[in-house]
Amino acid sequence: MPNTVLIGAQWGDEGKGKIIDVLAGQVDIVVRYQGGNNAGHTVKIGDEHYVLHLIPSGILRDDQVCVIGNGLVVNPSALLDEIAEVEAAGKKVQGRLFVSDRAHIVFPYHRALDAAREALLAEGSKIGTTGRGIGPCYSDKVTRTGLRAGDLLTSDYPALLQSRLVEANKVLAAMGGETLDEKAVLADYLAVAERMRPYIKDTVTYLGDAIRQGQTVLFEGAQGTMLDIDFGTYPFVTSSSATAGGACTGSGVPPHKIDRVVGVIKAYTTRVGEGPFPTELFDADGERMRDAGGEYGATTGRPRRCGWFDAVVGRYAAMINGVDFWAMTKLDVLDTFETLRVCTAYEYEGERLTEMPASVNILEKCKPVYTDVPGWCEPTSHITRYEDLPARARSYVEYLCELMGGQLGILSVGPKRESTLRVGL
Ligand code: IMP
């Protein structure tokens with residue numbers, strides 16, 4: 001398979017884990033390039049159900065090498081727990097998983113700062129973060145006070161961590177947040193550093209060499225385009241580059257080594273956390289989507305907000321990411337709806353907008369302009385060939401692709417590996 005970037009085209013939770021799991025079988029290396037354990041990639045194999053937060057979903061295959069790139073923020077104790085879980089599922093991890101020595105490390109003070117900052121924000125301004133310390137860790141990266149995986153292996157590490165802890169406790173105390181027991185954290189994180197040693201590597205050189213030798217790579221995006229720090233609904237976003245461009249800065253692989261982009265998009269829309277969501281439903285239809293789609297956060301368990309498909313978002317994601325192929329997921333969740341609504345534009349203060357506005361203050365006031373299309377009202381989960389889908393289901397999918405631009409590559413009609421129809425990919 002050509003070197004491929006796979007991204008989420010909405011607000012995350014598009015079902016990327018499953019699509020990555022399917023595509024990972026065709027590459028040598030799977031690389032995550034941004035985010036941290038705020039992500040939750042769910043993969044169902046047979047009757048087993050796995051949720052991965054940091055390790056690329058390729059680990060559930062047998063041979064692929066998985067890389068946690070320099071663009072991530074890594075909570076080492078969460079990673080070690082996840083490694084233990086994957087090993088308990090019978091998969092070999094050591095020698096197959098590498099963490100970039102340039103990836104930043106999430107410490108307990110980042111989580112404490114995340115909670116303290118959210119607590120200080122007024123109602124309506126809260127981000128609704130996952131509470132995993134992601135924003136504060138990226139802040140430290142940018143303010144140049146972060147510690148990286150490579151630092152864990154140096155003799156300077158204890159002193160560096162000690163001084164960060166002292167500083168973080170001062171900030172936490174000033175914010176009215178919970179301060180940490182410096183000695184206990186230091187002892188824990190010295191032990192954690194030793195356990196991380198076998199996984200830490202210069203992944204930039206490793207990937208450069210591997211690609212030069214003809215190995216193929218799948219870049220696994222986390223979160224989604226609308227949560228991207230630059231292109232999302234700022235400030236209600238995550239702190240990393242969740243779009244295709246992030247694959248280069250988050251892995252050290254240059255743009256011309258990437259051959260194509262797959263956009264994962266749900267057949268309707270969901271969002272967790274706060275922030276504008278023009279097609280959100282507050283009625284029985286929204287409940288129906290949440291129940292049928294099991295729309296509860298894979299990381300936090302929070303109920304996801306649900307709404308109709310938003311083609312303004314889809315078109316915007318197609319443009320920013322350069323989507324070549326769409327992997328559309330969860331079509332089966334719509335099996336029982338008699339009519340489906342598709343948002344094709346927004347109305348803002350009497351004006352029609354067809355492009356995504358930059359300001360959330362505008363987006364919050366946008367009303368969706370809908371086109372109604374008939375539902376198919378029959379089950380689709382058992383179907384294994386695209387041609388066997390009800391004609392109305394095909395029309396719906398093809399209409400969405402036409403509105404967004406880009407070709408359909410994969411269509412998912414159920415959670416299992418088998419319910420994945422390969423169309424053009
Ligand atoms: P943070 O990434 O924990 O800082 O959270 C910032 C925003 O991104 C919140 O609205 C979260 O709910 C959202 N978010 C972070 N990770 C994910 C994800 O993997 N799926 C969906 N939403 C996410």
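Tutor: Start with a term: contact means heavy atoms within 4.5 Å. This is a predicted model, where local features need pLDDT of at least 70 and side-chain atom pairs count only at pLDDT 80 or more, while totals for chains, interfaces and linings use all residues. Residues are numbered from 1 along each chain as its sequence is written, and side-chain values use heavy atoms, with hydrogens and water left out.

Student: Thr270 is in contact with which residues, leaving aside neighbours within four places in sequence?

Tutor: Thr270 sits in strand β12 (residues 269-271). Strands (E, at least two residues) and helices (H or I, at least four) are DSSP runs, numbered from the N terminus. With those neighbours set aside, the contacts of Thr270 are Trp11, Gly12, Asp13, Phe277, Glu295, Arg304, Arg305 and Cys306.

Student: Is Thr270 buried or exposed?

Tutor: Buried means under 20% relative accessible area, exposed over 50%, and partly exposed in between (1.4 Å probe, protein chains only). Thr270 has a relative accessible area of 1%, so Thr270 is buried.

Student: Which side chain makes a polar contact with the side chain of Thr270?

Tutor: A polar contact is a pair of N or O atoms within 3.5 Å; within protein, one must be able to donate a hydrogen and the other to accept it, and residues adjacent in sequence count only if both atoms are side-chain atoms. At 2.9 Å, the partner of Thr270 is the side chain of Lys266.

Student: Into which domains is the protein divided?

Tutor: The bounds come from an automatic or database domain assignment. The protein is divided into domain 1 (4-100 + 201-261), domain 2 (104-196) and domain 3 (265-422).

Student: Which residues come nearest to the ligand?

Tutor: A residue counts as near if one of its heavy atoms lies within 4 Å. Of the 16 residues around the ligand, the nearest are Asp13, Asn38, Thr130, Thr238 and Arg302.

Student: How far is an oxygen atom of the ligand from an N or O atom in the side chain of Thr130?

Tutor: Take two other pairs before that one. A polar side-chain atom of Arg302 lies 3.0 Å from a ligand oxygen, and a polar backbone atom of Gly128 is 3.4 Å from a ligand oxygen. For the side chain of Thr130, the distance is 2.6 Å.

Student: Is Arg144 buried or exposed?

Tutor: Arg144 follows α4 and lies in the loop between α4 and α5 (157-175). Arg144 is not a glycine, yet its phi is positive, about 70°. Most residues other than glycine have a negative phi. Its relative accessibility is 74%, so Arg144 counts as exposed.

Student: Which residues does a cis peptide bond join?

Tutor: Look in the loop between β10 (217-220) and α8 (246-249), where Pro235 lies. Omega is about 10° at the cis bond, and the residues joined are Tyr234 and Pro235.
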